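The stops below follow the chain through a few backbone features.

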Amino acid sequence: MAKSFRGGVHPDDRKRYTATKAIEVAPVPVKVIIPTRQHIGAPCAPVVTVGDLVKKGQVIAEAQAFVSSPIHASTSGKVVEIADYPHSVFGSCVAIVIESDGQDEWLEGLPLDRQWKAMEADEIKDAIRQAGLVGMGGATFPTHVKMAPPPDKSIDTFILNAAECEPYLTADHRAMLEYTEKIVTGMQIAMKALGVKRGIVGVEENKPDAIAAMQKVCGVVGIEVMPLETKYPQGAEKTLIHVITGKEVPSGALPMDVGVVVQNVGTAIAIADAVERGIPLIERVTTVTGAAIAEPKNLLLRVGDTFSNAIAMCGGFKEEPMKVIAGGPMMGMAQSNIEAPIMKGTSGILALTAADVNPGVERPCIRCGRCVEACPMGLIPSMLSILGERGAYPVAKEEYDLLDCVECGSCVYVCPAKRNIVHYIKLSKAQNAAMAAKK
């Protein structure tokens with residue numbers, strides 16, 4: 001029987017639009033718009049100026065802190081502008097605009113030809129840091145930080161998060177079918193860098209072909225593939241760890257505190273590319289889908305290409321979308337401008353029709369308790385929303401474990417009063433952070 005967890009919801013996964021669509025390599029854009037902020041942590045600072053000629057794979061913005069990640073040119077050409085541009089998460093952000101020279105020429109010396117088995121752990125970690133890797137499931141936490149736990153944190157298990165539980169998205173599913181060996185190599189490299197022997201792949205059972213493909217390759221190198229119940233949010237990091245290992249990450253703690261490191265499928269591919277070939281993170285697989293898209297696809301896109309170009313590659317809109325979302329419908333961000341660029345964490349572009357969207361009108365909480373039953377973290381989302389609405393932010397944090405919320409949206413999905421629970425939770429987190437910063 002597939003493993004599962006308490007709470008959660010069962011939305012229609014709607015992966016049928018793209019689950020059987022092979023990944024298409026998108027053409028090199030004539031212009032790329034590369035934001036200097038594509039990860040959790042400090043934004044990067046540009047190290048190029050307008051007029052500079054750059055090569056593919058060249059660093060164009062440097063990290064300014066440990067929790068940050070450098071950014072590279074995704075094609076060769078000329079820097080024509082450094083200015084504010086639309087950003088799918090922050091609204092706008094400083095971006096470096098490169099006009100392609102049509103040559104798509106690598107920086108001298110790239111790609112490399114390295115044997116990862118001959119590399120020391122620190123060499124592997126440094127290669128990952130230099131390549132600008134981040135979590136590609138959407139969280140965008142710098143990978144080199146996860147891969148460098150403090151000496152007092154002993155890691156014994158590496159988990160590949162292949163659940164891809166967000167409805168509509170199939171980028172990881174297709175990658176497991178088409179890049180199977182590279183994913184497993186990325187896992188082996190990560191396990192060597194961490195010094196762990198136990199590697200496990202967690203896959204929802206609605207991807208039987210991907211489970212079979214991964215089992216075939218993983219079995220040769222002693223990595224376990226574990227089918228998981230199809231239930232949202234099966235891929236939430238703490239939930240996944242509990243389901244697979246039985247370990248519970250305490251409130252306020254990190255996976256490394258229970259000896260586990262989790263990485264995403266796309267990140268495993270990027271680890272293999274970075275360590276074996278020195279290739280930085282300049283492209284990713286993105287699912288472009290939804291009933292408003294003429295021909296939904298899985299596209300391999302350059303960082304800095306635009307949402308509008310990606311949608312055009314799928315035949316454009318077949319009807320006016322009611323909502324366009326970066327990511328999936330449960331945790332994604334609604335977009336007001338489809339000229340925003342593709343970033344390292346852009347797992348999907350979802351265009352919903354009026355029939356898909358039921359905005360409703362928010363009403364007061366009726367204390368039905370459905371959100372409590374659905375919450376995978378064992379919280380009381382109804383109280384968190386009420387406290388956020390009333391501005392009682394410290395109470396939400398200190399008495400109702402506000403910071404344990406993973407913002408999965410299961411509570412909103414089941415709420416008959418159509419309360420914007422996650423909105424109130426995000427507001428409360430931001431206000432508590434602002435108050436802490438003033439102390």
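Buried means under 20% relative accessible area, exposed over 50%, and partly exposed in between, with a 1.4 Å probe and protein chains only. This is a predicted model, in which local features need pLDDT of at least 70, side-chain atom pairs count only at pLDDT 80 or more, and totals for chains, interfaces and linings use all residues. Residues are numbered from 1 along each chain as its sequence is written, and side-chain values use heavy atoms, with hydrogens and water left out.

Helices (H or I, at least four residues) and strands (E, at least two) are DSSP runs, numbered from the N terminus.

Start by selecting Leu110 and Pro111. The peptide bond joining Leu110 to Pro111 is cis, with omega near -10 degrees. Pro111 sits in the loop that runs between strand S8 (91-100) and helix H1 (121-130).

Next, select Thr140, in the loop between H1 and helix H2 (143-146). Thr140 is not a glycine, yet its phi is positive, near 55 degrees. Is Thr140 buried or exposed? Thr140 counts as buried, at 11% relative accessibility.

Move on to Tyr168, in the loop between strand S9 (157-162) and helix H3 (171-178). Tyr168 is another residue other than glycine with a positive phi, here near 75 degrees. Its relative accessible area is 5%, so Tyr168 is buried.

Finish with Tyr232 and Pro233. Their peptide bond, from Tyr232 to Pro233, is cis, and omega is near 0 degrees. Pro233 belongs to the loop between strand S11 (224-228) and helix H6 (237-245).
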